[in-house]
Amino acid sequence: MATSGSKSVTVTQWDTLKFSWEVTSQSIANNTSTVAWKMELIAGSDGRIDSTTSKSWSVTVNGTTYSGTNTVGIANNATKTLASNTTTIAHASNGTKTFSFSFSQSFSGISFSGTSLGTKSGSGSGTLPTIARKSSL
């Protein structure tokens with residue numbers, strides 16, 4: 001069981017696309033957890049990306065898909081939030097829950113050191129803290 005987690009994928013030698021999530025609250029009455037998530041671009045010392053064109057992104061958390069457009073231009077040694085939101089996740093009747101997530105970000109039309117970046121994506125899963133349930137006698 002965890003209250004947070006993350007998954008990173010390589011964009012370039014100096015850039016990383018990172019998805020992270022964190023449990024912000026749990027409801028015993030509703031048997032649900034609220035998870036805040038974000039997708040970030042993290043640039044290293046030579047990771048500058050010069051782009052002002054809108055790019056598409058997509059995030060799926062526990063079967064709910066979010067999508068939109070953003071810009072991925074970033075300076076060296078910087079972190080940029082590309083997308084963020086919250087998702088309410090229902091637990092099983094015994095209070096347990098493992099959920100899956102996937103994320104993707106387009107870098108279409110952008111080349112880095114002569115290589116086209118295309119679309120970067122990743123996926124993973126997380127196990128939420130168990131919500132205590134009333135026992136029946």
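Me: Which residue in strand 3 stands opposite Thr 16?
Reply: In this model, which is a predicted one, Thr 16 stands opposite Ile 42 of strand 3.

Me: And what about Trp 21, which residue is opposite that one?
Reply: Trp 21 has Trp 37 of strand 3 standing opposite. Strand 2, covering residues 15-27, and strand 3, covering residues 32-43, pair in the antiparallel sense, and twelve bridges are found between them.

Me: How many residues sit between strand 2 and strand 3 in the hairpin?
Reply: There are four residues between the two strands of that hairpin, and Asn 31, which lies in the turn, has a positive phi of about 60 degrees.

Me: How many bridges join strand 3 to strand 6?
Reply: Eleven bridges join these two antiparallel strands, and Ser 33 stands opposite Ile 89 in strand 6.

Me: Why is strand 3 described as largely enclosed?
Reply: Strand 3 is largely enclosed by the rest of the structure because nine of its twelve residues are buried, where buried means under 20% relative accessible area.

Me: Switching topic, is Gly 114 buried or exposed?
Reply: Gly 114 counts as exposed because its relative accessibility is 75%, and the cut-off for exposed is over 50%. Gly 114 is found in the loop between strand 7 (97-112) and strand 8 (115-128).

Definitions and conventions: Residues are numbered from 1 along each chain as its sequence is written. This is a predicted model: local features need pLDDT of at least 70, side-chain atom pairs count only at pLDDT 80 or more; totals for chains, interfaces and linings use all residues. Side-chain values use heavy atoms; hydrogens and water are left out. Two strands pair if DSSP finds at least two bridges between them. Buried means under 20% relative accessible area, exposed over 50%, partly exposed in between (1.4 Å probe, protein chains only).
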